[in-house]
Structure formats: C-alpha cells, structure tokens
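Dear colleague,

Please find the structure below, handed over for your own work.

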Amino acid sequence: MPPPSNPEILNMHANPATPEFEAELSRTLKSRHVSMIAIGGIIGAGLFVGSSTAIAQIGPAVVFSYAIAGFIILLVMRMLSEMAIAIPGVQSFPEFARLGLGHLAGFMSGWLYWYFWVVVVAIEAIAGAQIIHSWYPQLPLWSIGAGLMAVLTAVNLMSTRSYGEFEFWFSSIKVAAIIVFILVTAAFVFGIGAPAAAGFGNLSAHGGFAPMGWAAVLAGVTSTIFALCGAEIATIAAAESEEPSKVISRMTVSVTFRILVFYILSILLIVAIVPWNTIVPGISPFATALKTIGLPGADVAMNALVLVAVLSCLNSGLYVTSRALFGLAKYGDAPQWLVKINDRKVPARAILVASLFSYVALAINHVSTDLFSFLINACGATMLIIYLLLSFAQLKLRAKTEREAPERLQIKMWFHPFGTWFAIAAMLAVLVFMGLSEGLAEQLWLSLAVAGVILAGFWAFRRKAG
C-alpha cells in the first residue's frame, strides 16, 4: 500500500525503511466482502456461547450491558471512519496511532493487535476442534485444531479474494441464522402461530429486571465489550478493496450499528423466553431458547452454527495477524523480509509466521492448559488499550486536519471532542472495573505486562536499528 498523499497533514508519517515498502497488496475485495468481514469480526462464539455467562451473572438487564458496550464500540468505529476519509491511503488503524501519537504508539498498537489475534486464532481453533471432537471422538483434539488452521491458512495463502469469499459466506450464514432466530423467538413471545403469547414476564419474574443490581450491569460491560470487538477488521480489509474509502468508512459504522441491533434483540428475546437463572454458563443460550420453544434438533443446529462462527473468526484472525505484521514491517518495526508479497499480492511470509505462532499456542494448550490460560488472560484488556491509543490519536489528528485541510473532514466524529472524551472515559472506567473485579483483575495486569514487554521491545528494536 503506497504512503498517504498529503505530506502537510501526515508529516508525522514514518518513512519506510527499505525499498520493499513499495510492495502493494491487491485491491480485489468488493464492498460486500468488506461488510461481511466487519460482521464476521463481531458475530462469533462470544455471542452464541459466551453470552450465557453474562446473562447468568447479570440477569435480564444484561441487554443494557451490551447496549453500553456497543455504544462505546460504535464511537470507536466513528473515529476510524473520520480518520480513514481525512487521511486517504491509511485504513489500518494501528497506523492512525502512529500518525497521531508517534512511532512508539504505532509500534505498540501494531504488536498488541498482532498478539491479540494470534491468541484468538488458537482459541478459535480449539473451540472448533472441541465441536468436531464431540461428533468424532476418535479424532485427537489437537490434530483437529491443527487441521482447521492448516485449511484456513491455505485459504488465506491463495488470494485476498479467496479470503473475502470464504468470509462472505461464513458471515452470511451467521446473519441468516440470527435473523431466523429473531423471527422465530419473536413469534413465540408475541404468540404468533402459538396457542398463547409467552410475553415478557421472565424479564421481571425472577428477582426483577436487574436482580444483581445496576452496579452489576455496569460491571458487566467489562466482559461484554470484548465480545463486540472486531469490527475494525473492516478498516484493514478496506486497504485491499476496490471501493472508495468513503464508501467503506460509511459502511463500517452502519454495519456495526446493525450488528449491535442483532445482539441486543437476540439477547432480549432469549431472556424473555428462558428464565435467566436457568441459563448455564458455557451452554449456548440460543440453543436453550430454541429447546424451550420446542424445536427439535436445536443442539445440533447450534453446534453447527457455532462451528461456522468459529471458522469465520479463525479465517479473519489469520488474515488480520498477517496484515498487522505486514504493516509493522513496512515501517521497520518488524523484520523487513516479512514485507515481501507473492505473485498474487498476498503477504505469504507474514501469513505463515502468524500461523506458526498460533500452532505454538495450540501446542501449549495441548501440553499445559494453565499456560494457555495465561496467554488468554494476557490479552484480556489488549483491545481496550489499543482503542484508547486510537482515541487519543483521533483528537490530535482532528485538530491538525481542522487547521491544515478542513475540507477533508467529510465524516466527523459525533459531538467532537466530547464524543471522543466520553469514549476514553468509558474505556478507562471499564479498565478500572476490571482492576477492582476479582475475576478480571488478572487479565488487566497481565495485559499491561504484555504492553510493558512490547514497550521494552520498542527501545531494543529501535536501538538495534541504529
């Protein structure tokens, strides 16, 4: 991807370290691919299975936890849209941190993002392996996970268009399933095609709408917000899209909003149909709701859907880790040989290195689940740290653009600068809640420790570079 074309605005842009920077990725993705990539980043096993834990801990008021978390993510996506239009040629959001806050912020956000998705790839491979293992117990768990990663690594190596097509169909299945679920459960709640309406009595019948108190609703944002991360993948995919950046940027916010509606509606209908205190953490509340309605084969159908969601996230994870590494190498923050692309304009080396580290994480899980839990906990707050860097970068870049090229602000952050400061305050509050929560404090401190290691790596890497 060539450097942005406006040196007046982007004089903080780091210069490429080698002529290999001229390597350019393909632009073969269409808007339908990018929209489904955004959907694929948000809708995953965190919704279909992970929401069970949030419901069991908070009660029906969990819909407000998701709404608050979703609003924060929506603000972040708006910031990304503003910067993507104002600074053409830079759609990978770690680069916005570099532009707004300097080389250190770009180095940290890029490597933190890479680490986060490397671990996610391994998590999704294990989740998919567990589903397939339940169907075919004679197959070892680790071999299934390795096989899933090998197949989707091959998909990513073929071409960017191949990745986009796979993600388009994966995400289409997920969206269709959620829409059908909402229609079926809504019909049950309102009594359409049923002897009597189930109604919304369960929302207050078992200890009230917020049985754990409203403090638990706010604390629940700390866990629900991470289920909503991933929409920013669309901004990375936009760098390989044939559509104008303006179209992609507008689409990112609108798609994010629609998915949040899907989240909130589906969760609301679940707690209306199923008493919240009967939902078991780790068991899909979607399957529980369908069984309550009386639909046969709900467990098998949901397992198949969760497998699709897992494969979608695994596919996206491999794509994102390779592009994050590619971006770091462009600016001399990773070994330069990683910037090489093949004849299909795919960063094959970066893809293989990303998958290699995920294989290592998979092997760690096979040897020691405690050590793998450490890796998971160490990325628990990573996305919020990256989003905070992005938010501060948006404040600086917005001020600079208003001074030097205000005509570029075709999409603006809502209620600037108060909207950005609200998002920053909300994310800091989530981190504070994590630090005060006995179950989440370890994730916060380990994530900060990883950020500290990357900070030390910056000084070591730059000092070695001279």
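The second largest pocket has a lining of 15 residues, and those nearest its centre are Ala-177, Val-180, Phe-181, Leu-290 and Met-302. Two or more lining residues come from each of helix H8 (160-190), helix H12 (285-293) and helix H13 (298-330), with H8 giving the most, 5 residues. By class, 14 of the lining residues are nonpolar, 1 is polar and none is charged. The pocket holds about 190 Å³ of space.

A pocket here is an open set of points on a 1 Å grid over the protein atoms alone, where a 1.4 Å probe fits, with protein on both sides within 12 Å along at least five of seven lines; lining residues have an atom within 4 Å of a point. Nonpolar covers Ala, Val, Leu, Ile, Met, Phe, Trp, Tyr, Cys and Pro, charged covers Asp, Glu, Lys and Arg, and the others, Gly among them, are polar.

This is a predicted model, in which local features need pLDDT of at least 70 and side-chain atom pairs count only at pLDDT 80 or more, while totals for chains, interfaces and linings use all residues. Residues are numbered from 1 along each chain as its sequence is written, and side-chain values use heavy atoms, without hydrogens and water.

Of its 466 residues, 58% are buried (under 20% relative accessible area, 1.4 Å probe, protein chains only). The C-alpha trace spans about 70 × 55 × 40 Å along the principal axes.

Kind regards

Conventions:
Points joined across faces, edges and corners; volume = space filled by probe spheres on them. Helix = DSSP H or I, 4+ residues; strand = E, 2+ residues; numbered from the N terminus. Buried < 20%, exposed > 50% of the residue type's maximum accessible area, 1.4 Å probe, protein only.
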